Amino acid sequence: MRRDHCIAALTRHRTDQIVVAAYNAAFDLMRIQPHPLNYLSVGAMGLASSHALGLAMGRPDKQVIVLDGDGSLLMNLGSLVTIAEAAPRNLIHFVCENGTYEANGGHPIPGHGKISFAGAAKAAGIERVYEYSELANFESDIGGLLRAKGPVFATLKVEPGEPSPVDWDYIHGPDTRVNFKAALRQASSS
Amino acid sequence: MPSWAELSISNAQTPADTIMAASIITEIKAAGVEYVITLPDIVTSKSLLTPIATDRDFRHIKVCKEDEGVGICAGLSFCDKRALLLIQHTGLLDSINAIKTVAVEYSLPICIMVGLLGKEIDRTPNNSENCGVRIVEPILDAMGVKYHLLETESDAPLIGLAIHEAYRSSMPMTMLLGRPPRISP
């Protein structure tokens, strides 16, 4: 299944959630659903899940969705343990597993085909863990995942889809963060 | 010269004017810090982490690696929540890319309290024989991150001022603990 199709499916169910997206998932999200509560400035590779945990702890009234990458998560596997320990009810962590460092030349990640991210999440102590490789199954489940008590973790086994415009200046630019903060302040409790 | 591990668990050999742990905690609370993100450091283990972990005025988040804390503090800052990352200087050095990108380039109020494990009581950090301690301030200078050295009780008021300034200016700030805080007078 394609990552952009998974993100499109997710956005059809999105209401007022914060979505934290890393790198190429961020570019897909920007193309598919520009939204004031898209959190795109994750900065250092690997930290998307940590930003998301901070947002989830700071705004327990808002659901926080992470669109992580597999190479990114490998840089911060300990965050699975941290998230399991903190146990935010409002955090859903998706990792888009394409087996490569897509933003850095498409080289294979270590352990590709061997590591189970869902297995790692389960072993870290996250109770609700899922894995999808068929879009129809993901589309069928996504509504339920968004209603489930967090933390929730799901691996999306994806392949490249339609290339999205790459705009690093937008992701890292100050206006992106200023606008997100203003939108979050205005967002009413759900 | 006693080791830092020895100093951190005993007041007996710390100078009498050394900053009090209780003063640090009082300043942190008064500055509006609600979340404390920690990875244990023997410099602050008993004096700060133990009481903070059980203090109901704080939300305590344990991390597996220090740079996680930079991301968590960033997320909290967008929620208008004040946080403190409590780590050892080894963790600071391990988190340079996260601090450079998330705190400095994004201009976010990431406040970090750093135990200078291995710093000699009678030396400044820049003159320490410990390599890790010696390079902390030059690295912070190179990144443009403000820092404050906390050693004596008279330094305690700096804590609140520095935290308020970090959030007012939306810029990162570090506080360097040059001695293990005293647990009791």
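Select Leu55(A): leaving out residues up to four places away in sequence, it touches Ile18(A), Val20(A), Tyr39(A), Val64(A), Gly75(B), Phe78(B) and Cys79(B). Touching, or being in contact, requires that the C-beta atoms of two residues, placed from the backbone, lie within 7 Å. This is a predicted model, in which local features need pLDDT of at least 70 and side-chain atom pairs count only at pLDDT 80 or more, while totals for chains, interfaces and linings use all residues. Residues are numbered from 1 along each chain as its sequence is written, and chains are lettered from A and ligands numbered from 1 in the order in which they are written.

Stay on Leu55(A). Leu55(A) counts as buried because it has 30 C-beta neighbours inside 10 Å; the cut-offs are 20 or more other C-beta atoms within 10 Å for buried, 12 or fewer for exposed, and anything in between for partly exposed.

Next, select the helix around it. Leu55(A) belongs to helix H3 of chain A, which spans residues 48-58. Helices (H or I, at least four residues) and strands (E, at least two) are DSSP runs, numbered from the N terminus.

The axes of H3(A) and H4(B) come within 6 Å and cross at roughly 40°; axes are lines fitted to C-alpha atoms, for helices over the stretch in contact, and angles run from 0 to 180 degrees between N-to-C directions. The two helices are therefore oblique to each other, given that angles under 35 degrees count as roughly parallel, over 145 as roughly antiparallel, 65 to 115 as roughly perpendicular and the rest as oblique. On the H3(A) side the contact includes His51(A), Leu53(A) and Met57(A), and on the H4(B) side Glu68(B), Ile72(B) and Phe78(B) are among the residues. By class, this contact has 9 nonpolar, 6 polar and 1 charged residues. Ala, Val, Leu, Ile, Met, Phe, Trp, Tyr, Cys and Pro count as nonpolar, Asp, Glu, Lys and Arg as charged, and the others, Gly among them, as polar. In H4(B), 13 of its 13 residues are buried. Just after H4(B), look at Asp80(B), where phi is positive, about 60°.

Return to chain A and select helix H5 (residues 78-86), whose axis comes within 10 Å of that of H3(A), crossing at roughly 15°. That makes H3(A) roughly parallel to H5(A). Ser49(A), Ser50(A), Leu53(A) and Met57(A) of H3(A) make the contact with Ser79(A), Thr82(A), Ile83(A) and Ala86(A) of H5(A). These residues divide into 4 nonpolar, 4 polar and no charged.

Within H5(A), the buried residues include Leu80(A), Val81(A) and Ile83(A). After H5(A) comes Ala87(A), with a positive phi near 55°.

Finally, show both chains. In all, 24 residues of chain A are in contact with 23 residues of chain B. On the chain A side, H3, H5 and helix H9 (174-186) each give two or more residues, and H3(A) gives the largest share, 8 residues.
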